[in-house]
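Open the model in your viewer and keep the sequence panel beside it. This tour moves from the whole chain to single side chains.

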Amino acid sequence: MKIQLIISSIGTLLCGPLASAADHADALTPDRVSVFKAPLVCPAAPQIGCGSAAKPILLDLEKQQGVHEAWLNRAGTVIAVVWKRDSNAENRRKVAAELKDDRATEIEEPAREQTVQEFLSGKGWYHGADVDRLSEEEASIIAARLVRLVKARTTVAPEKTESLQRALSEALRKDLTGENARLNQKPVKLEDVARDYLDQEQIKILKEAIKEEVAIENGERPVPKEG
């Protein structure tokens with residue numbers, strides 16, 4: 001899910017992956033790994049991959065015949081597929097074709113060897129649903145940016161700022177990770193989350209900040225430089 005799904009209702013932090021590619025490095029040989037260039041960089045946080053976009057792809061891959069595991073690198077630029085020992089060329093061809101539909105193309109030699117070695121190092125890769133950790137980080141980044149935009153245009157009491165950012169981050173996290181959907185709950189309106197911390201005029205400023213965030217998500221404006 002994307003932030004605009006939350007906005008349509010209007011009218012934490014980084015953790016390591018729950019498993020590590022390095023856990024399997026001793027048992028794996030490079031021939032059991034295929035790597036694919038993927039367009040899964042997070043528009044709102046281009047330093048990381050988009051967990052909400054990657055999650056369904058990785059989970060679907062792990063249901064495919066011949067696939068043992070599917071991983072995304074932290075940058076959101078590479079998907080690694082670990083094949084079962086009994087996988088065959090036909091299994092691999094079908095998976096490559098499906099990934100091509102998702103605009104992911106297989107990385108060939110000579111770049112393949114280095115990319116596979118990066119995967120086998122186990123550093124900065126997320127397995128299956130563990131990409132929720134990236135979504136949590138994205139939520140934190142977006143919440144911090146919204147609060148900065150609000151503070152740049154109005155005065156927010158210091159004791160409220162941190163609490164507001166945590167509340168916005170938590171609301172975004174539940175949506176981006178699919179927690180709301182799993183619990184059959186609608187996304188919480190960000191303006192409602194903020195009512196405990198902002199007055200009515202400040203809520204209007206927050207709404208404008210959210211519109212700007214949606215424009216970033218849609219690629220209509222660049223991510224603002226921090227600092």
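What percentage of the 227 residues in the protein chain do buried residues make up? Buried residues make up 49% of them. Buried means under 20% relative accessible area, exposed means over 50%, and partly exposed lies in between (1.4 Å probe, protein chains only).

Before you click further, note that this is a predicted model, where local features need pLDDT of at least 70, side-chain atom pairs count only at pLDDT 80 or more, and totals for chains, interfaces and linings use all residues. Residues are numbered from 1 along each chain as its sequence is written, and side-chain values use heavy atoms, with hydrogens and water left out.

**Stop 1: the whole chain**

Switch to a cartoon view. The protein chain has nine helices and five strands. Both kinds of element are DSSP runs numbered from the N terminus: helices are H or I with at least four residues, strands are E with at least two. Trace the elements from the N terminus: they run α-β-α-β-β-α-β-α-β-α-α-α-α-α.

The protein chain exposes about 11,600 Å². Carbon and sulfur atoms supply 51% of that area. Accessible areas come from the Shrake-Rupley method with a 1.4 Å probe; for residues, only the protein chains shown count as cover.

**Stop 2: strand β1**

Select residues 33-37, which form strand β1. Four of the five residues are buried, so β1 is largely enclosed by the rest of the structure. Two strands pair if DSSP finds at least two bridges between them. Show Phe-36: it stands opposite Ile-79 in β3.

Lys-37 has Thr-105 of β4 as its bridge partner.

**Stop 3: the nonpolar cores**

In soluble globular proteins, nonpolar side chains tend to be buried together. A nonpolar core here is a set of buried Ala, Val, Leu, Ile, Met, Phe, Trp, Tyr and Cys residues joined through side-chain atoms within 4.5 Å.

The largest core has 50 residues. Select Leu-61, Ile-79 and Leu-99, the residues with the most contacts inside it. Elements that give two or more residues to this core include α2 (51-61), α3 (89-101) and α8 (190-194). The largest share, nine residues, comes from α5. To find α5, select residues 132-153.

Zoom in on Leu-99. Which residues does Leu-99 touch, not counting residues up to four places away in sequence? They are Phe-36, Ile-57, Leu-61, Ile-79, Val-81 and Ala-104. Contact means heavy atoms within 4.5 Å.

A second, separate core has 12 residues. Among them are Leu-28, Val-33, Ile-107 and Phe-119.

**Stop 4: the aromatic rings**

A search of the whole structure finds two aromatic pairs. Rings of Phe, Tyr and Trp (its six-membered ring) pair if their centres lie within 6.5 Å; planes under 30 degrees apart count as stacked, over 60 as edge-to-face and the rest as tilted.

Select Trp-71 and Phe-119. Their ring centres are 5.8 Å apart and their planes lie at 70°, so the pair is edge-to-face. Trp-71 sits in strand β2 (residues 67-73) and Phe-119 in helix α4 (residues 111-120), 48 residues apart. Both are buried.

Phe-119 and Trp-125 form an edge-to-face pair, 5.1 Å centre to centre with 85° between the planes. Phe-119 has 1% relative accessibility, and Trp-125 has 3%. Ring pairs link Trp-71, Phe-119 and Trp-125 into a cluster.

**Stop 5: the salt bridges**

The structure holds 16 salt bridges. Each is a side-chain nitrogen of Lys or Arg within 4 Å of a carboxyl oxygen of Asp or Glu.

Start with Glu-162 and Arg-166, whose closest N and O atoms are 3.0 Å apart. Both lie in helix α6 (residues 158-176), four residues apart, about one turn of the helix. Glu-162 is exposed at 52%; Arg-166 is partly exposed at 49%.

Move to Glu-179 and Arg-173, joined by a salt bridge of 2.9 Å, N to O. Here Arg-173 is buried, at 13% relative accessibility.

Finish at Glu-191, Asp-192, Arg-195 and Lys-207, which are linked in a network of salt bridges.
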